[in-house]
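User: I would like to go through the terms used for this model and ask what each one rests on. Please set the values against the cut-offs.

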Amino acid sequence: MPTGTLETVRNRVKRILGEFPFFTGENSLSDAVIDEGIAQAVSRLSRNVPYIVVEDETGDSGRYYALSDLDSWEDDFSQIRQIDWDVGTRVGSDESPQFLQLDDGDWRIYRDPTTRYLYFPSRTPSSSVTFRVTYTARYTLSGATSTIPRQFEDAVVFLGVSRVARIVQLRVEKSLDPPMGVEFVTMRNKGSGFKSVSDGYEKLYIEEIGGEGVIGASSEREDDLRFQHGEQYMFHHGRLR
């Protein structure tokens, strides 16, 4: 079951943040500012625990299939997790999956100047063959729909609060005049306080998605591996190791 809509998440973030009457005009804490914090949270969640999409594609007797035909595919973000071959009666006939293997050369990613393709070097599926592609995508959260699982709603709320607190911190710092005694010190302390709030709610986010063991986008990778989307590291050529 997905989370509530953007309005649901926004209202939860606002309940935690409360009111900021001292922010007015261009610095007011509007719904647009809160939605920006939520959008940043959804983007971070998509990188940490990506949305898994499963789609069935039909053959056309060719070897190349544009990845842009996948409904939620995004170049430079999405990764293929697995491909199950000829799935027409898979569940109904109680059949075992036929997963294609990247390392065995069953499929590749091919790029021309404008498009990325799923390429089958030794297969030309006809219109009677359906292959099932499992891949990662970004979550969506709008006023009408959500693809974020309910279990991650708290995570999005907590990180949304954290991101909005960072925005508030920036506005506090921006609003400071040159040092003028106690007033300056008080505002500076408020800025530091918002940073502490942001850090605290980011820790709550990390706990909600499974703790410190979550692999970040910038983590080091084992060198002797292929990318999950089929392309190779530049210091590997062909299938050599």
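User: Which residue in β5 stands opposite isoleucine 109?

Analyst: In this predicted model, isoleucine 109 stands opposite leucine 118 in β5. Leucine 118 is also the bridge partner of tyrosine 65.

User: What makes β4 and β5 a pair of strands?

Analyst: Pairing requires at least two bridges. Four bridges join β4 (residues 108–111) to β5, and the two run antiparallel, so they count as paired. They form a hairpin with four residues between them.

User: How do you know that β2 pairs with β5?

Analyst: By the same cut-off of at least two bridges: β2 (residues 64–66) and β5 have three, in the antiparallel sense.

User: Which residues of β5 are on the covered face, and which on the uncovered one?

Analyst: Arg116 and Leu118 form the covered face of β5 (residues 116–119), while Tyr117 and Tyr119 form the uncovered one. In a regular strand, side chains alternate between the two faces of the sheet.

User: Which residues of α1 are buried, and what puts them on the same side?

Analyst: Leu6, Val9, Arg10, Val13 and Leu17 are the buried residues of α1. They cover an arc of only 100° around the axis, and therefore lie on the same side of α1. An α-helix has 3.6 residues a turn, so residues three or four places apart point the same way. Just after α1, glycine 18 takes a positive phi of about 75°.

User: Why is a set of residues called a nonpolar core, and what is the largest one here?

Analyst: The name applies because the members are buried residues of the nonpolar kinds, joined through side-chain atoms within 4.5 Å. The largest such core has 26 residues, and Val13, Ile38, Leu45, Ile148, Val156 and Tyr205 have the most contacts inside it. Two or more residues come from each of α1 (6–17), α2 (31–48), α3 (153–175) and α4 (182–208). Of these, α3 gives the most, with nine residues. Apart from this core lies another, of 19 residues, including Trp85, Phe120, Val129 and Ala137.

User: Which residues does valine 156 touch?

Analyst: Not counting residues up to four places away in sequence, valine 156 touches Val9, Ile38, Ala41, Val42, Leu45 and Ile148.

User: Why is lysine 195 called partly exposed?

Analyst: Buried means under 20% relative accessible area and exposed over 50%. Lysine 195 has 35%, so it is partly exposed. Lysine 195 is found in helix α4.

User: What makes the link between lysine 195 and aspartate 199 a polar contact?

Analyst: The cut-off for a pair of N or O atoms is 3.5 Å. The side chains of lysine 195 and aspartate 199 make their polar contact at 2.9 Å. Leaving aside neighbours within four places in sequence, lysine 195 is in contact with Arg166 and Gln169.

User: How many helices and strands does the chain have, and in what pattern?

Analyst: There are four helices and six strands, which follow one another as α-α-β-β-β-β-β-β-α-α.

Terms used. Residues are numbered from 1 along each chain as its sequence is written. This is a predicted model: local features need pLDDT of at least 70, side-chain atom pairs count only at pLDDT 80 or more; totals for chains, interfaces and linings use all residues. Side-chain values use heavy atoms; hydrogens and water are left out. Buried means under 20% relative accessible area, exposed over 50%, partly exposed in between (1.4 Å probe, protein chains only). Contact means heavy atoms within 4.5 Å. The arc is that of the directions from the helix axis to the C-beta atoms. A polar contact is a pair of N or O atoms within 3.5 Å; within protein, one must be able to donate a hydrogen and the other to accept it, and residues adjacent in sequence count only if both atoms are side-chain atoms.
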